[in-house]
Amino acid sequence: MSASDRLQRYLSDERGSCTSDALQERLEELKQLDASIGGPDLEADVDLLSALSNETRYKIVRILHTAGEELCVCEFAPLLDVSDSAISHALSQLTEAGLLTRRKDGKWRKYKTTNRATAILIALDGSRSVVL
């Protein structure tokens with residue numbers, strides 16, 4: 001069964017009948033809905049959520065947020081049960097996603113959360129108390 005056949009069946013069930021015009025009208029409404037959420041913002045949001053979807057990366061963001069200050073790359077190793085290269089890779093992904101900033105201080109790299117990362121963590125914290 002094609003997607004439009006299934007939609008036509010649904011519309012028939014909901015409205016009692018479904019003409020070809022009604023089906024085409026609904027398909028156009030759905031296409032407009034899809035177009036309104038697409039584009040670069042959607043891609044950036046998916047990249048950001050993907051960056052947070054790993055425990056190590058999420059923990060790094062949480063650590064930096066809780067610390068409230070810059071931390072050197074070397075300060076993560078005692079806190080995370082992963083290799084130094086995994087930490088460096090995670091920090092790069094988080095920086096590319098716009099969740100961390102990085103600066104070089106002599107031979108060391110220091111990281112801190114961005115305002116966007118802070119906003120996301122605050123939203124996550126607040127969502128825990130929402131009763132479904």
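Modeller: Arg-62 counts as buried, because its relative accessibility is 18% and the cut-off for buried is under 20%. The model is predicted. Arg-62 meets Asp-125 in a salt bridge between their side chains, at 2.6 Å from N to O. This pair links distant parts of the chain. Arg-62 sits in helix H4 (residues 55–67) and Asp-125 in helix H6, 63 residues apart.

Asp-125 is partly exposed, at 33% relative accessibility. Its side chain also meets that of Arg-128 in a salt bridge, 2.7 Å from N to O. Arg-128 is exposed, with a relative accessible area of 56%. Shared partners join Arg-62, Asp-125 and Arg-128 into one network of salt bridges.

Asp-45 and Arg-116 meet through their side chains in a salt bridge of 2.7 Å, N to O. Asp-45 is partly exposed, with a relative accessible area of 34%. Arg-116 is partly exposed too, at 38%.

The salt bridges described here are among the six that a search of the whole structure finds. As a general point, side chains of opposite charge can pair when their charged atoms come close.

Definitions and conventions
Residues numbered from 1 in each chain as written. Predicted model: local features only at pLDDT ≥ 70, side-chain atom pairs only at ≥ 80, totals over all residues. Heavy atoms only, no water. Salt bridge = Lys/Arg side-chain N within 4 Å of Asp/Glu carboxyl O. Buried < 20%, exposed > 50% of the residue type's maximum accessible area, 1.4 Å probe, protein only. Helix = DSSP H or I, 4+ residues; strand = E, 2+ residues; numbered from the N terminus.
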